[in-house]
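Glad you are here! Let's walk through this model together, one question at a time.

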Amino acid sequence: MDTTVNGALSQAPSIQYHGINEQSLAVVIQPQSFQRQQRHCFGNSTPGEFPLAANPSIVLHVLTECDLDPQDLASLEATCLFFRQPANFSPDFDLSISELAALDMCQRRSVFKPMTKEERESLKKRCGGSWKLVLRFLKAGEVCFRREKCQAIAGPGHSIVVTKAGAVYSFGSNSSGQLGHGTKEEEWRPRLIRSLQGIRIIQATAGAGRTILISDMGRVYAFGKDSFGDSEYGVQGSKCVTTPQLVESLEGIFVVQAAIGNFFTAVLSREGRVYTFSWGVDAKLGHQTDPQDLKPHLLKGGLEDIPVVQIAAGYCYLLALTCQPSGMSVYSVGCGLGGKLGHGCRTDERYPRVIEQFQHLSLQPIVVAAGAWHAAVVGKDGRVCTWGWGRYGCLGHGNEECESVPKAIESLKGIKAVHVATGDYTTFVVADNGDVYSFGCGESSSLGHFDAATENQAQRHENVLHPKLVVSLKTRQEQVMQISLTNSIYWNAHTFALTKLGNLYAFGAGDKGQLGTELLAYQSERGNPERVDIDLN
């Protein structure tokens, strides 16, 4: 029955719809008209594609928080006047949004924060006159070595581990006090260097009987042999320092990296200048000094006006990775035997000389490694080049021939490398997916090719001529970020693998406790990677 014609039912109370305006349905569904506004670039009447131009402070915040690459900032400037014109923001009202974003990202770096205004301007000029180029310089250094991140150093017989917080642990051989605990007793477990309490360490390096640490304030602490290098005839440093001591001769130089060769030590300043100690006889490193000289000397020649982002020391030579507006380059200096300087010959170089082969290969180097007798580079495109002595297959080219110029490893095609490490005739390559490949001398089981199922002793010691996947690390199912291996001709090698989760795995020689754990009585090495009991985070 129709309720509209029933009197009784028509008196029933109506249902109330709260919150709904009482208006006709026609009014509710009537389409509303909106005024379409045209977007314009800030300061330009030409229609553009950037709607946030009216709020440049928001744009600056977004660019900074995204941690954009300097090349991306430069590309933005090329797309729109908004990114090129002065933004009228402090601290420099003449800077563009892109330049301000680059400056803000520079100021977040601990090596940049303490710089005075004059020092910052000087660095800007040295890098090419742009804050984007300064940011590129700083970020390039962060890629090369794990500055301000946890790291592990597999030194000659002893090991150094730096945690994310900047604490330092050491273990292994301690005949010269190179562990920094105030004694000369070996340590078979990681032990905290307590005398460094209150000092945040951001970088470490280890040589035969000596250790060097660098703080976030650019100060250098050294202990072990009281020298910066061994002379060619006899050994320097009869005195030993058993606790970290400030290197006073570097006062006034803000250091960000150190590298230890056999005859010399080199340090890299915040501004990208290289200083060397010892081995100045016959001007082998561009300066004439007494072999006992403990004062730093600026590395002269082609690098004086070019910013360096990374240094790497071999047994008797030095490599320097530079960052210029035109791109990245590698310079070499020192002993040229075996072609390890990369210039197509085997002659020595007294002054740094650029390796021209990378231009012919169209390769932009981003990481450089100097083994005792051979060297390696990772390119921006993921290619790996090696050169120098090829003994035991350490160059990865399938033979033991020497290469006097950098040569790409063909068998790594299709693999994008992000990191490379070299030792005494051994090489490790880390791919972008965390896979690790090793090749070269298999002594001491330091290559990691260990078959746990068969425990094949011959396999773990055999030399490898081509890059070979380190299956023993892959089975850990953790992405490897860094490899460190012993770079000395006098010690059996051991290797560290640091993963993204912050776990540290060790294998190779362990007769002095350098693996961070005690071995069985009949053991002197370990072929299978085992986790070191230490909290890196």
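Axes are lines fitted to C-alpha atoms, for helices over the stretch in contact, and angles run from 0 to 180 degrees between N-to-C directions. Helices (H or I, at least four residues) and strands (E, at least two) are DSSP runs, numbered from the N terminus. This is a predicted model, in which local features need pLDDT of at least 70 and side-chain atom pairs count only at pLDDT 80 or more, while totals for chains, interfaces and linings use all residues. Residues are numbered from 1 along each chain as its sequence is written, and side-chain values use heavy atoms, with hydrogens and water left out.

Q: How many helices and strands does the chain have?
A: Let's begin with the overall picture. Of the 537 residues, 55% count as buried, where buried means under 20% relative accessible area, exposed over 50% and partly exposed in between (1.4 Å probe, protein chains only). Among contacts (heavy atoms within 4.5 Å) with a separation of 6 or more, 52% are between residues 24 or more positions apart. The secondary structure comes to 11 helices and 28 strands.

Q: Is H3 parallel, perpendicular or oblique to H6?
A: Helix H3 (residues 56-65) packs against helix H6 (residues 97-107) at an angle of about 45°, with the axes 9 Å apart. Angles under 35 degrees count as roughly parallel, over 145 as roughly antiparallel, 65 to 115 as roughly perpendicular and the rest as oblique. The angle therefore makes H3 oblique to H6.

Q: Which residues of H6 meet H3?
A: The crossing of H3 and H6 is right-handed; a crossing is left-handed if the near helix is turned anticlockwise from the far one by less than a right angle, and right-handed if clockwise. The contact holds eight nonpolar residues, one polar and one charged, with Ala, Val, Leu, Ile, Met, Phe, Trp, Tyr, Cys and Pro counted as nonpolar, Asp, Glu, Lys and Arg as charged, and the others, Gly among them, as polar. From H3 come Pro 56, Val 59, Leu 60, Leu 63 and Thr 64, and they meet Ile 97, Leu 100, Ala 101, Asp 104 and Met 105 in H6.

Q: Is the crossing of H6 and H8 left-handed or right-handed?
A: The axes of H6 and helix H8 (residues 131-144) come within 8 Å and cross at roughly 35°. In this contact, Ser 98, Glu 99, Ala 102, Leu 103, Met 105 and Cys 106 of H6 meet Trp 131, Lys 132, Val 134, Leu 135 and Leu 138 of H8. By class there are eight nonpolar, one polar and two charged residues. The crossing of H6 and H8 is left-handed.

Q: Which strands are the edges of the open sheet?
A: Four strands form this sheet in the order S25-S26-S27-S28, with antiparallel pairing; two strands pair if DSSP finds at least two bridges between them. Neighbouring strands are turned by 10° against each other on average, direction ignored. Each edge strand pairs on one side only, and the edges are strand S25 (480-485) and S28.

Q: Which residue of S28 is the bridge partner of Ala 506?
A: Strand S26 (residues 494-499) is joined to S27 by five bridges, and Ala 497 stands opposite Tyr 505 in S27. Strand S27 (residues 504-509) is in turn joined to S28 by four bridges. In S28, the partner of Ala 506 is Glu 530.

Q: Why is S28 described as largely enclosed by the rest of the structure?
A: Strand S28 covers residues 525-531. It is largely enclosed because the buried residues among its seven number five.

Q: Is His 158 buried or exposed?
A: His 158 lies in strand S2 (residues 158-162). Leaving aside neighbours within four places in sequence, its contacts include Phe 171, Arg 210, His 494 and Gln 514. At 0% relative accessibility, His 158 is therefore buried.

Q: Which residue does a cis peptide bond join to Ser 90?
A: The bond has an omega of about 10°. Its second residue sits in the loop between helix H5 (81-84) and H6. That residue is Pro 91.

Q: What is the relative accessibility of Ser 444?
A: Ser 444 is found in the loop between strand S23 (436-440) and helix H10 (457-461). Its phi is near 65°, a positive value in a residue other than glycine. Ser 444 counts as buried because its relative accessibility is 7%.
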